[in-house]
Amino acid sequence: MELNLEEALEAPVALSHRLEVPVGRLERPELLSLEPVEFSGTLQKAEPGFVLSGELAVSGQAVCSRCLAPVPFASRGDVSWVFAPAHRRPTAEETELTATDLEVVWYEDFIVPFDPLVEEMLQLEIPLKPLCRPECKGLCPTCGADRNVAPCDCREEGDERLAKLKSLLS
Ligand SMILES: [Zn+2]
Ligand SMILES: [Zn+2]
């Protein structure tokens, strides 16, 4: 979808957009699947430029960062973009003086591709280290067994060190 900023010149415009993003495009190996992403919000005139703010709903499946089991996730977050005309873009020197965290989309033309902006925002909404449950025991680094299912016989390195310490002390 493309945004037509010009539409908001007179009055705020309500926008909604549903976007299918192929999982591979996000370069997040822990991501298994992604439901269509939903955005709804309002585009309005600001000085200078425009502001688009609304809500982004993301859901799908990722792998547990400890045991690799599939974990469903769903997040809904407030997002906003500031659009400012490219001719107002500060030079590198000016940017240093007015350091700001605000992400600005500089436009040359009132037509702005929206999908790339949503994809960028998705990176923040997808959980970084999903867990199937907070107490997930993960896979054994030695034999690869799922320690949630059954404890394996591998000895943990920590135990060995502790054993040595004990033998030294005795
Ligand atoms: Zn897990
Ligand atoms: Zn093991």
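## Strands side by side

Glu38 stands opposite Ala57 in S5. Strands here, like helices, are DSSP runs numbered from the N terminus (helices are H or I with at least four residues, strands are E with at least two). This is a predicted model, where local features need pLDDT of at least 70 and side-chain atom pairs count only at pLDDT 80 or more, while totals for chains, interfaces and linings use all residues. Residues are numbered from 1 along each chain as its sequence is written, and chains are lettered from A and ligands numbered from 1 in the order in which they are written.

S5 has several partners (two strands pair if DSSP finds at least two bridges between them). S4 and S5 run antiparallel, joined by 9 bridges, and they make a hairpin with 2 residues between them. S5 and S6 are also antiparallel, with 14 bridges joining them; here Leu52 has Trp81 in S6 as its bridge partner. Then there's S3, which runs antiparallel to S5 with 3 bridges, and Leu34 is paired with Gly60 in S5.

## The overall layout

Stepping back, the protein chain holds 3 helices and 8 strands. Read from the N terminus, the order is β-β-β-β-β-β-α-β-β-α-α.

How much of the chain is buried? Buried residues account for 12% of the 170 residues. To count as buried, a residue needs 20 or more other C-beta atoms within 10 Å of its own; 12 or fewer makes it exposed, and anything in between is partly exposed, with C-beta atoms placed from the backbone. As for contacts (C-beta atoms, placed from the backbone, within 7 Å), 59% of those between residues at least 6 apart in sequence join residues at least 24 apart.

In general, nonpolar side chains in soluble globular proteins tend to be buried together. A nonpolar core here means a set of buried Ala, Val, Leu, Ile, Met, Phe, Trp, Tyr and Cys residues joined through C-beta atoms within 7 Å. The largest one has 9 residues: Leu3, Leu5, Ala8, Leu43, Phe50, Leu52, Trp81, Phe83 and Val112. S5 and S6 are the elements that give two or more residues to this core. Apart from it lies another core of 6 residues, including Val37, Phe39, Val118 and Leu122.

Back in the largest core, take Ala8, one of its members. Setting aside neighbours within four places in sequence, Ala8 is in contact with Val13, Leu43, Gln44, Lys45 and Phe50.

## Loops worth a look

Pro48 sits in the loop between strand S4 (37-46) and strand S5 (49-63). The peptide bond leading from Glu47 to Pro48 is cis, with omega near -5°.

Which residues other than glycine have a positive phi? Glu27 is one of them, with phi near 50°; Glu27 is in the loop between strand S2 (13-19) and strand S3 (31-34). Glu27 counts as exposed because it has 8 other C-beta atoms within 10 Å. Leu68 is another, with phi near 70°, and belongs to the hairpin of S5 and S6, which has 6 residues between the strands. With 14 C-beta neighbours inside 10 Å, Leu68 comes out as partly exposed.

Finally, Gly144 is in the loop between helix H2 (115-125) and helix H3 (157-169). Why is Gly144 classed as exposed? Because Gly144 has 10 other C-beta atoms within 10 Å. Gly144 is 77 residues from Cys67 in sequence, and their C-alpha atoms are 9.3 Å apart in space.

Methods:
Two residues are in contact if their C-beta atoms, placed from the backbone, lie within 7 Å.
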